[in-house]
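Q: Could you take a close look at the salt bridges here and walk me through where the partners sit and how covered they are?

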Amino acid sequence: MSPFKTYVVLLILAMATSISPVALSFEVFIFNILGTDTNLNVHCRLSFEDLGTYVLEREAHFNWTFDIGKRSTVIYECDMSYDNVSGHFTMFDEQRDASRCGDQKCLWKVQQDGMYLYIKEHDAYEKQFPWS
């Protein structure tokens with residue numbers, strides 16, 4: 001093989017290995033801020049990964065860590081309920097939340113009037129979803 005052909009092959013291989021996506025690690029926290037003695041039931045999942053079902057007592061939290069940028073868009077959905085109230089919520093959508101969650105941590109407060117996400121750019125929790 002000529003030196004030029006060898007150079008081209010090596011250049012193509014180098015480019016192919018350097019294009020691989022960079023993974024970023026994120027962590028989502030869900031805090032139960034419903035009030036006195038009110039438990040929050042949480043069941044979260046990704047299309048191919050079930051995180052299980054948890055019962056969060058007052059002011060307790062549930063969290064998980066995952067990477068983005070390695071595969072298709074990451075979307076975690078959760079079913080949550082307390083007393084006779086329930087709902088289905090998208091708690092992490094890579095396209096929506098990757099830039100909103102500060103320091104790659106998404107902090108959710110679950111209250112009786114809905115779900116609040118801490119938006120780092122605004123330095124405040126902002127209501128994202130009502131229960132109904």
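A: E27 is buried, at 16% relative accessible area, where buried means under 20%, exposed over 50% and partly exposed in between, with a 1.4 Å probe and protein chains only. Please keep in mind that this is a predicted model, in which local features need pLDDT of at least 70, side-chain atom pairs count only at pLDDT 80 or more, and totals for chains, interfaces and linings use all residues. Residues are numbered from 1 along each chain as its sequence is written, and side-chain values use heavy atoms, with hydrogens and water left out.

The side chain of E27 meets that of K105 in a salt bridge, 3.2 Å from N to O; the term stands for a side-chain nitrogen of Lys or Arg within 4 Å of a carboxyl oxygen of Asp or Glu. This pair links distant parts of the chain, since E27 is in strand β1 (residues 24-32) and K105 in strand β7 (residues 105-111), 78 residues apart. Strands are DSSP runs of E with at least two residues, helices are runs of H or I with at least four, and both are numbered from the N terminus. K105 itself is partly exposed, at 36%.

By this rule there are 6 salt bridges. Another joins K120 and D103, with the closest N and O atoms 3.0 Å apart. K120 lies in the loop between β8 (114-119) and β9 (124-129) and D103 in the loop between α2 (94-97) and β7, so the bridge ties together parts 17 residues apart in sequence. K120 is partly exposed at 41%, while D103 is exposed at 61%.

Within it, R100 and D97 meet at 2.7 Å, N to O, and D97 is buried at 0% relative accessibility.
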